Amino acid sequence: MTTAVHIFRWIVLVVGLFIIQCDGHYLDQFYCGQDNCYELLSVTRESTKQEIAKNYRQLARKYHPDVHHGAEQKKVAEEWFKKIATAYEVLKDEETRNDYNYMLDNPQEYYSHFYRYYRRKTKIDVRLVVVVTISIISCIQYVTRWQRYDTAIKYFMSLPKYRNKALEMINQSQSNGLVGGGKRIKLSKAVKKKEHDEQIRKVIENNMDIQGAYAKPEIKDILWIQLFLLPYTVGRYVCWIARWFWMFNILKHPYGREEQLYIIRKNMKLTTIQFDSIEPDTMELFLKQELWVKSNFERWKIEQENEKKKQMADNPRYKAYRRYMKNHGPGRLTFEE
């Protein structure tokens, strides 16, 4: 079954839900409609499969259109024959019969009945659902990353510091004959501005190393590729753990720069993206303070907390907030200030 068929069936499902919500006549959509499947076959809910099949054969012979004469009789017989066949299709399958019984016992659960009915009727493959879900997540993930990267580039383009630096590099390139050259064509101001912005953007993209959540997206970052590379990633991680244990726990080698930064990141409880977004000068300061050593990190953490408290104490807004809480308390609403 093709993906298009599945998509069509999902559309039918959504449209059906909308119809049900609008008019409320959900019984017309399910199983035997407003008729009772058991009553159509003259059986009860306690009847066995054999009894249901026996009654169906008898009624099918009775209402078969070929045994009736006359247009009116044939039409009535054909309608009854369809109802009987539908009722038998519902009751002959144990799972469908259980769903039908559940609907009879809980008629108010509209959406649950609709889902049960069309889930069994469309027979959607779970594997297809998983593939489509992963594909959608991957597309959203990739588009979102590009939007973040575009936002970061536009932000840097708006800052005079980076914009002026880019202009300086462009002018230098033009003076060296690397950009432009040849016969100049007169362009409108809008076109010139657009080309100018494109040049600035290109320079910033080529020279800015954006890290963290706003970094330039790569194909390997999307979910599908990550799942494909999962065995390699797991194997690489296991080898890394084994190497770490052998080098630093058994042989007691001193930590290298990468290992020191890794321990600092773990101490700070930051993700890789968050840690990579820290300025290089700040990272060098972390290394200089030897924050991979637990005692040094704890001392640094206390200092940072004290510094933060001092800054908050000196902050005019925080002072006003403390005065307000002291004078009025947290439970009072006023129009003062």
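Let me start inside the chain. Ile200 touches Met157, Arg163, Ala166, Leu167 and Ile170, leaving out residues up to four places away in sequence. Ile200 is found in helix α9, residues 189-207. Is Ile200 buried or exposed? Its relative accessibility is 0%, so Ile200 counts as buried. One more distance for Ile200. Lys165 is 35 residues away from Ile200 in sequence, and the two C-alpha atoms are 9.2 Å apart in space.

Now the overall picture. This is a predicted model. The chain has 337 residues, and buried ones make up 24% of them. How many helices and strands are there? The chain has 16 helices and 0 strands. Take the contacts between residues at least 6 apart in sequence: 62% of them join residues at least 24 apart.

Next, confidence. The chain has a mean pLDDT of 79, and 77% of its residues reach 70 or more. Which elements sit at the two ends of the scale? Helix α1, residues 3-23, has the lowest mean pLDDT among the elements, at 48. The highest belongs to α11, at 93. Two stretches need a flag. Over residues 17-26 the pLDDT stays under 50, and the model has 13 contacts for them beyond four places in sequence. Residues 332-337 are also below 50, with 4 contacts in the model beyond near neighbours in sequence. Where pLDDT is low, the predicted coordinates should not be read in detail.

On to helix packing. Two packed helices are described by the angle between their axes and the distance between the axes. I have two pairs to show.

First pair: α4 and α5. Helix α4 covers residues 71-92, and helix α5 covers residues 94-105. Their axes come within 5 Å and cross at roughly 100°. The two helices are therefore roughly perpendicular to each other. Which residues make the contact? From α4 it is Val90, Leu91 and Lys92. From α5 it is Glu94, Thr96, Arg97 and Tyr100. By class, the contact residues of α4 with α5 divide into 3 nonpolar, 1 polar and 3 charged.

On the α11 side, the contact is made by Trp240, Arg243, Trp244 and Phe248. On the α12 side, Glu259, Tyr262 and Ile263 take part. The residues of this contact, α11 with α12, divide into 5 nonpolar, no polar and 2 charged.

That brings me to charge pairs. Side chains of opposite charge can pair when their charged atoms come close. How many salt bridges does a search of the whole structure find? The search finds 12 salt bridges. Three of them deserve a look.

Start with Asp105 and Arg45. Their side chains meet in a salt bridge at 3.0 Å, N to O. Asp105 is in helix α5, and Arg45 is in the loop between α2 (37-40) and α3 (49-63). The pair links distant parts of the chain, 60 residues apart. Asp105 is partly exposed, with a relative accessible area of 47%. Arg45 is partly exposed as well, at 35%.

Next, Glu259 and Arg243. Glu259 lies in helix α12, residues 257-268, and Arg243 in helix α11, residues 230-250, so the pair ties together parts that are 16 residues apart in sequence. Is Glu259 buried or partly exposed? At 12% relative accessibility, Glu259 counts as buried. Arg243, by contrast, is partly exposed, with a relative accessible area of 40%.

Salt bridges that share partners join Asp150, Lys154, Arg201 and Glu205 into one network. Inside that group, Asp150 forms a salt bridge with Lys154, and the closest N and O atoms are 3.1 Å apart. Where do Asp150 and Lys154 lie? Both lie in helix α7, residues 126-158, 4 residues apart, about one turn of the helix. Asp150 has 22% relative accessibility, so it counts as partly exposed.

That is the tour. Questions, please.

Methods: Residues numbered from 1 in each chain as written. Predicted model: local features only at pLDDT ≥ 70, side-chain atom pairs only at ≥ 80, totals over all residues. Heavy atoms only, no water. Axes fitted to C-alpha atoms, helices over the stretch in contact; angles between N-to-C directions. Parallel < 35°, antiparallel > 145°, perpendicular 65-115°, else oblique. Contact = heavy atoms within 4.5 Å. Nonpolar A, V, L, I, M, F, W, Y, C, P; charged D, E, K, R; others polar. Salt bridge = Lys/Arg side-chain N within 4 Å of Asp/Glu carboxyl O. Buried < 20%, exposed > 50% of the residue type's maximum accessible area, 1.4 Å probe, protein only. pLDDT = per-residue confidence, 0-100.
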